[in-house]
Amino acid sequence: MMNDDRLEIADATDKAGGIIWTEDLRLGTPSLDCEHQAITLIMARLHAAAGTAVTGEALGLILSDLVDQLQAHCLHEEQFMRANRCPGIAVQTAQHNQLFDLVQQILGDFERGGFQLDTTAPTTLWRWFRAHVVESDLRLKGWGEW
Ligand SMILES: [Fe+2]
Ligand SMILES: [Fe+2]
């Protein structure tokens, strides 16, 4: 039988819709890993809040926090790549731009839909983000500290 803490963790994990940072996503560059973890947490928060009685204003604040963190992170990652002369910066930048297109689409839907959000948006964002980390960001493994 699970104790209360474990039940709470199981409940939180369920509400996060499987949006959880796992060790296989670690690049080994602490600043980038911390940013990936922070972004994952915000996406999990967004998933937990979506489709609940949370106000549109509160959802908007989470979305705006997510946009800020994504922008800062993508810029930082591209600077990291330039500073370390990593190959593949054109692909990274193009994928980051695709991510911002997706975010803009979600923000547009959010505004047009009366400032409501269901769990589809955070789930879609998370699938995209995780796949990008696995397929592109993990290539930065071993390219130094920054
Ligand atoms: Fe990236
Ligand atoms: Fe990244």
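Leaving aside neighbours within four places in sequence, I62 is in contact with I42, R45, L46 and A49, where two residues are in contact if their C-beta atoms, placed from the backbone, lie within 7 Å. I62 is also listed, with M43, L46 and L66, among the residues with the most contacts inside the largest nonpolar core, a group of 21 residues. A nonpolar core is a set of buried Ala, Val, Leu, Ile, Met, Phe, Trp, Tyr and Cys residues joined through C-beta atoms within 7 Å. A residue is buried if 20 or more other C-beta atoms lie within 10 Å of its own, exposed if 12 or fewer, and partly exposed in between. The elements that give two or more residues to this core are α2, α3 (56–83) and α5. With seven residues, α2 gives the most.

This is a predicted model, in which local features need pLDDT of at least 70 and side-chain atom pairs count only at pLDDT 80 or more, while totals for chains, interfaces and linings use all residues. Residues are numbered from 1 along each chain as its sequence is written, and chains are lettered from A and ligands numbered from 1 in the order in which they are written.

The protein as a whole may now be considered. It contains five helices and zero strands; helices (H or I, at least four residues) and strands (E, at least two) are DSSP runs, numbered from the N terminus. The radius of gyration of the protein is 16 Å, close to the 15 Å that the globule rule gives for 146 residues, so the protein is as compact as a globular protein of that length. This radius is taken over C-alpha atoms, and the globule rule is 2.2 Å times the number of residues to the power 0.38. Along its principal axes, the C-alpha trace spans about 45 × 45 × 20 Å. Buried residues make up 22% of the 146 residues. Of the contacts with a separation of 6 or more, 71% are accounted for by residues 24 or more positions apart.

An α-helix has 3.6 residues a turn, so residues three or four places apart point the same way.

Just after α4, G114 takes a positive phi of about 75 degrees. F115, found in the loop between α4 and α5, has a phi near 60 degrees, a positive value in a residue other than glycine. Most residues other than glycine have a negative phi. F115 is partly exposed, with 14 other C-beta atoms within 10 Å. L117 lies in the loop between α4 and α5 as well, but L117 counts as buried, with 23 C-beta neighbours inside 10 Å. Apart from its neighbours within four places in sequence, L117 is in contact with A50, L59 and F110.

A positive phi also occurs at R85, where the value is near 50 degrees. R85 has its place in the loop between α3 and α4 and counts as exposed, with 9 C-beta neighbours inside 10 Å.
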